[in-house]
Amino acid sequence: LIRTWLQTTRTWNDLLYPAGDPRRGNYVPDCDLTNPDQNAECGRMDNQNFGQEVFTKSFDSDLIHGWGKRTYNWEMGVSLQQELVPRVGLTVGYFRRWFGNFYTSNNRNTTTADYTPFSIPIPSDPKLPGGGGGTVTGLYNLVPDKVGDEDLYSQLTEHFGEMKENWHGVDVSLNARLRNGLTVQGGTSSGRRFMDNCDVRAALPETYSWQSTQAVQTTRVTSSTGALANPWCRVAEPFETSFRGLGTYVIPKVDVNLSVTWRSDPGPEQAANYVVTSAIAQPSLGRPLSSGNVTVNLIEPGTVYGARVNSMDMRIAKILRFRGTRAQFGVDLYNLLNTDVVTLYNNGYTAPTATRESIWLTPTAILAARYVRLNMQLDF
């Protein structure tokens, strides 16, 4: 692939010079901005190919030729149905999906020795798991003289080790259609996801710990931040279970349809995305970060979730019949109980201070308030 690089980033320290020097704190980058290497107040450009037309990526012939090299996913499902009593049936199903032929991009201009491992302390905070404390390990930072130096080579991850991703779950549903016009349905859906990229991460520290199965691949980024600050190469989520129910009844003679639906889903996964500065990293790293601040999730993925999201809806409809046509005039009530459960949190973590509370886990979205909708349905 050939690309002209049109942008780059670099650090700038306006307080580099001692007090009294007119260049200190003058809000002017006192350096040669055309020089891609570190000079004076300016750090090394993250993208050393800025302004140039270069090959950005090469592909291993073993990846793009031959049988069975494309990324894939297999799906398997089996279900059993059984009538328990007349008009009442039970269905149980098991489903599994797994992925393979992952690929990643190896930066051939760096080796594992160019990525310095480091750790950071976890702030003490009663809202963090276990009250905080301890350390987050498995972080890397590219050495300064390699920042922006890239020659990406896409290869199957099997050249570096085993990589896994799968999901499996169970669905259970009950369906009852009773003679008096009452219909009741309900069930549960439970599943979990497992991902492991630790072998590849050990061989290629620059490899992103995980990118979702939408791409079925690992993903490289082009700076020393981001990917290198994700220590979680193995994610084993717990079984997440959703419950659902439906009841509907037609009142005889007056032809009024009453129905209620109910859902209970797992709460949103929580993270604590902590901005790590050079001052925080340097005691372990032994030097400042090579490309500015990095963001680290202090909470292992798949371990902390918010409150369950429960909702109930109701519908009342009058049925009218004339000349073979059937019409319903109804009123729908959404979020009948008007619950305000949180559906999205602020996952940006800031440690609390004596004068300021952290805004971490502040709700940013809640379940929509109760509302009413009028509708008409015509069947002919």
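Residues are numbered from 1 along each chain as its sequence is written. In this predicted model, local features need pLDDT of at least 70, side-chain atom pairs count only at pLDDT 80 or more, totals for chains, interfaces and linings use all residues, and side-chain values use heavy atoms, with hydrogens and water left out.

Start with the rings. A pair of aromatic rings is described by the distance of the centres and the angle of the planes. Rings of Phe, Tyr and Trp (its six-membered ring) pair if their centres lie within 6.5 Å; planes under 30 degrees apart count as stacked, over 60 as edge-to-face and the rest as tilted. The structure holds three such pairs. One of them joins Tyr274 and Tyr349 edge-to-face, at 5.7 Å centre to centre and 75° between the planes. This pair links distant parts of the chain: Tyr274 is in strand S15 (residues 273–276) and Tyr349 in strand S20 (residues 348–349), 75 residues apart. Strands (E, at least two residues) and helices (H or I, at least four) are DSSP runs, numbered from the N terminus.

Tyr349 also pairs with Trp360, again edge-to-face, at 5.3 Å centre to centre and 75° between the planes. Trp360 lies in the loop between S20 and strand S21 (363–366), so this pair ties together parts that are 11 residues apart in sequence. Are Tyr274 and Tyr349 buried or exposed? Both are buried. Buried means under 20% relative accessible area, exposed over 50%, and partly exposed in between (1.4 Å probe, protein chains only). Tyr349 has 3% relative accessibility, and Trp360 has 2%.

Next comes the sheet. Two strands pair if DSSP finds at least two bridges between them. An open sheet of three strands has the order S16-S15-S20, with mixed pairing. S16 and S20 stand at the edges with a single partner strand each, so one side of each is left without a neighbour in the sheet. S15 and S16 run antiparallel and are joined by four bridges. Val275 stands opposite Thr295 in S16.

S16 (residues 294–297) also holds Asn297. Asn297 is buried, with a relative accessible area of 16%. A polar atom of the Asn297 side chain lies 3.0 Å from the backbone oxygen of Ile299. Contact means heavy atoms within 4.5 Å. Leaving aside neighbours within four places in sequence, Asn297 is in contact with Trp232, Ala271, Ala272 and Asn273.

Now the cores. A nonpolar core is a set of buried Ala, Val, Leu, Ile, Met, Phe, Trp, Tyr and Cys residues joined through side-chain atoms within 4.5 Å. The largest has 22 residues, of which Ile120, Val296 and Leu298 touch the most other members. Elements giving two or more residues to this core include strand S7 (115–121), S15, helix H3 (278–285) and S16. Not counting residues up to four places away in sequence, Ile120 touches residues including Tyr274, Val276, Ile280, Val296 and Leu298. A second, separate core of five residues includes Phe99, Phe102, Met163 and Leu204.

Asn106 touches Leu204, and also Tyr153 and Phe160, among others. Asn106 is in strand S6 (residues 103–107) and is buried at 15% relative accessibility.

Terms used. A polar contact is a pair of N or O atoms within 3.5 Å; within protein, one must be able to donate a hydrogen and the other to accept it, and residues adjacent in sequence count only if both atoms are side-chain atoms.
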